[in-house]
Amino acid sequence: MQRPARLPDDGEWTCVDSAGVVVCVGGEPAAGVVAGPPDPAWRCNARVAAAHDDLGARICVDGAPDFPDADRARWRCRIENGPSPKRVCEHATAASIWNPCDRAHPCVDGATCTDAHCVVPSTTPSCWLDTDCPSHACRFGTCRPEGAP
Amino acid sequence: MSLLSHPSPPAKRGGGRGEGAAIFLVLTLALLSACHHAPPTCPGGPLFTLDAPAAPVGFDASFTIAATPVCSAANAGTITWTQLSGPRARDVSPTADGLSLHARTPSLPDALGAPAPWGVVPFSPRTRAELVFEATWRDGRGHEERHEARVAAAPRSRGLASTAVGTRIFLGPFGAAWRLESRPPNATATLVEQSGLASLAPDVTGDWRVVDGAGRALTLRTARYDETPLDCARSGCHPAESRAVAASPMTTVLARGIVPAAQTAGAPATFGAAYPDCALACHATGEPGCADGGFTDVMTSLGLASLGARAWADVPRPLRRLGGVGCLACHGPGALPETSARWAILRTDVCATCHDAPPRYGHVAAWRSTSMARADRDPRTRAGTCARCHTTAGVLASNAHRLSPPQIEPMGLTCVACHMPHDPGSGMAVAARSAVCFGCHSPGAGEPVTASAAPLWLGRGGVEPATGAPLTGAAPHSRVEGGCVGCHRAGPSDLQRGAEHAFVARRDDCGRCHAPKPDDDVRARALALWARTQPRDVGAGPPHASSSRFDLATPRGRAAWDLALVVEDPAADAHNAPYARQLLAAAEKVFNPGGAP
């Protein structure tokens with residue numbers, strides 16, 4: 001367990017571990033706090049649908065979060081949200097972007113198989129929910145292009 | 001007395017092998033050190049450390065502070081103990097070797113010094129019997145080393161219904177027969193009696209409902225500091241307040257102080273490279289020694305024994321969120337209290353958790369000496385128009401920019417009546433200096449003549465009785481730097497900081513600008529004329545508390561107004577004697593048309 005979980009900055013965030021990639025929404029500055037620098041591990045951007053709800057104005061993605069050891073493929077982690085979020089990892093075999101991939105073992109939805117490794121597109125994140133996207137498909141914080149499979 | 005637990009001189013030990021030989025060696029080294037006139041040191045650190053109880057020890061309870069030598073060089077000197085601050089400790093007894101100090105904390109009634117109020121009893125460093133001791137090591141050759149240790153009887157308390165898990169609270173008053181009506185699921189803590197008061201140390205987050213013997217209930221909302229969201233600005237709740245406090249010196253106190261000097265680029269860190277952990281109680285959020293999710297509790301959970309030397313950017317995120325005097329440091333970590341319990345946030349007790357630690361921090365002690373601290377003691381002052389200036393809630397309500405919960409208990413005119421912790425742009429500053437005083441010390445047109453220091457000081461506010469035209473005069477003191485507090489800045493001399501909150505203006509200070517002047521009789525003349533012209537109000541308290549109303553449409557009404565301005569300012573001659581005389585002369589011209597007294 002990683003307590004506190006690594007987060008994009010000192011603000012308020014809600015995060016999810018999605019197949020080995022951590023995506024966070026929020027970014028409300030913490031009131032009464034002198035903020036430190038943002039964590040450089042995260043790619044962040046404004047959320048496209050922020051005006052439609054109060055889930056959060058920013059999206060951040062950590063494509064290479066911390067794991068208990070170097071064998072990332074054998075860990076499945078989750079974020080326990082709350083004011084003091086924790087990242088809890090357990091041994092499991094569910095699909096992860098850290099699994100080797102080939103034609104017989106495709107990557108999880110939203111990742112592509114490159115040189116036998118799943119790769120999450122390093123695009124600028126912009127979505128949290130599927131409904132944020134014109135394509136109705138938000139994967140790892142990025143809207144899948146309309147018409148894409 | 002030696003620092004290494006050897007109360008007897010070495011010569012009496014025989015100087016042979018074993019323990020005595022060790023002592024002899026130590027003393028030899030000490031003598032060599034003295035010959036070279038170099039201060040004794042231990043490699044890389046102090047000669048000795050102090051170990052005091054980190055958690056509160058209770059009232060009327062014994063405690064021990066122990067000094068531990070770090071290296072043999074410490075043996076060259078002896079330790080003496082001094083109490084630096086706090087109420088006098090009882091049964092103080094240093095051990096013969098000087099390495100320990102045994103003592104007892106004061107009793108709860110002695111520490112409070114006043115009846116415990118209803119509800120959560122506030123505790124400042126003073127009233128929680130925070131005792132600061134200094135151990136001074138001296139070698140008799142001019143070298144000395146000092147360390148401080150503090151012991152407290154109880155955790156500090158803001159007196160709010162928003163409380164922290166793991167932090168004991170006390171419920172007043174004595175004999176209130178509190179009982180615990182409900183508590184959160186999985187809670188095991190219960191009410192106990194400590195020092196004559198009901199006491200509770202909440203062990204889980206949630207609502208704890210307590211009821212006193214008369215059936216009056218209070219819901220204590222408890223949480224951990226590190227688990228309370230800081231999204232105060234979200235959804236338009238408190239965006240202006242959140243923006244304002246971002247630049248507050250209280251918010252930034254830790255960040256400003258922690259930056260290693262090498263990185264400050266012209267803004268030297270307050271405390272240099274090594275931040276003193278003893279300052280964290282007031283420069284961060286939470287109560288040291290309590291498992292409350294506060295700064296020091298989280299620091300410990302992260303495996304940090306001390307903040308040490310690190311830049312703000314290198315402080316772990318959970319600590320940055322608790323570093324500084326943030327929202328929760330004043331409002332508490334719990335959920336918003338019930339409506340009936342919100343008034344307590346107005347009390348000086350909130351600020352007193354840090355600013356009532358005389359003699360070092362004497363802001364509250366100085367304030368308590370003022371009439372402002374007793375402004376609402378008389379129940380009549382808490383009603384009607386009087387409340388506007390006699391109660392903190394009234395002062396806040398009269399300012400359109402400030403919201404206030406309705407005041408329930410008397411509390412005087414507290415810190416927040418003048419200081420505006422949430423006002424955009426002002427932070428904790430007192431906005432526009434004198435303007436904050438004018439709200440109550442300057443009667444408005446058409447109102448009863450109330451405290452009138454401002455009109456006198458500024459030389460305006462009077463009315464020509466004959467014509468109704470403004471009656472103005474010179475205002476020599478309006479140029480005093482700092483305005484009101486340029487003169488009203490003195491207080492008890494034994495307070496190191498905050499004494500100016502006694503707001504005393506010393507006549508001696510007048511000599512800074514001009515030679516002493518003889519006492520003026522203007523106020524005595526004004527009071528005599530007032531007694532003659534307003535006889536029914538004499539003896540009924542200050543004129544503004546009387547039924548007097550002046551018809552400013554008539555010469556007599558205008559003359560009475562001018563007279564009341566002088567009568568309402570007990571320091572009229574000091575604020576502006578020429579203008580006071582001018583006002584009095586205008587009134588006398590109407591009331592004494594023939595010039596007779």
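Select β4 and β5 (residues 100-104) of chain B: 3 bridges join these two strands, which run antiparallel. Strands here are DSSP runs (E, at least two residues), helices are runs of H or I with at least four, and both are numbered from the N terminus. Pairing requires at least two DSSP bridges between two strands. The model is predicted: local features need pLDDT of at least 70, side-chain atom pairs count only at pLDDT 80 or more, and totals for chains, interfaces and linings use all residues. Residues are numbered from 1 along each chain as its sequence is written, while chains are lettered from A and ligands numbered from 1 in the order in which they are written.

**The sheet in chain B**

Stay on this pair and pick Arg90(B). Its bridge partner in β5(B) is Arg104(B). Now widen the selection.

**Helix α17**

Next, select residues 522-533 of chain B. This is α17, with 12 residues. From first C-alpha to last it reaches 16 Å, close to the 16 Å expected at 1.5 Å a residue; the expected span is 1.5 Å times one less than the number of residues.

Which residues of α17(B) are buried? Val522(B), Arg523(B), Ala526(B), Leu529(B) and Trp530(B) are. Buried means 20 or more other C-beta atoms within 10 Å of a residue's own, exposed means 12 or fewer, and partly exposed lies in between, with C-beta atoms placed from the backbone. Look down the axis of α17(B): the buried residues fall within an arc of 125°, so they line one face of the helix. The arc is taken over directions from the helix axis to the C-beta atoms.

Turn to the face away from the buried side. There, Ala524(B), Ala528(B) and Arg532(B) are exposed.

**Arg460**

Jump to Arg460(B), in the loop between α15 (453-458) and β16 (462-463) of chain B. Arg460(B) is partly exposed, with 16 other C-beta atoms within 10 Å. Leaving aside neighbours within four places in sequence, Arg460(B) is in contact (C-beta atoms, placed from the backbone, within 7 Å) with Pro455(B), Pro470(B) and Thr472(B).

**Between the chains**

Finally, show both chains. In contact are 16 residues of chain A and 25 residues of chain B.

Technical notes
Two residues are in contact if their C-beta atoms, placed from the backbone, lie within 7 Å.
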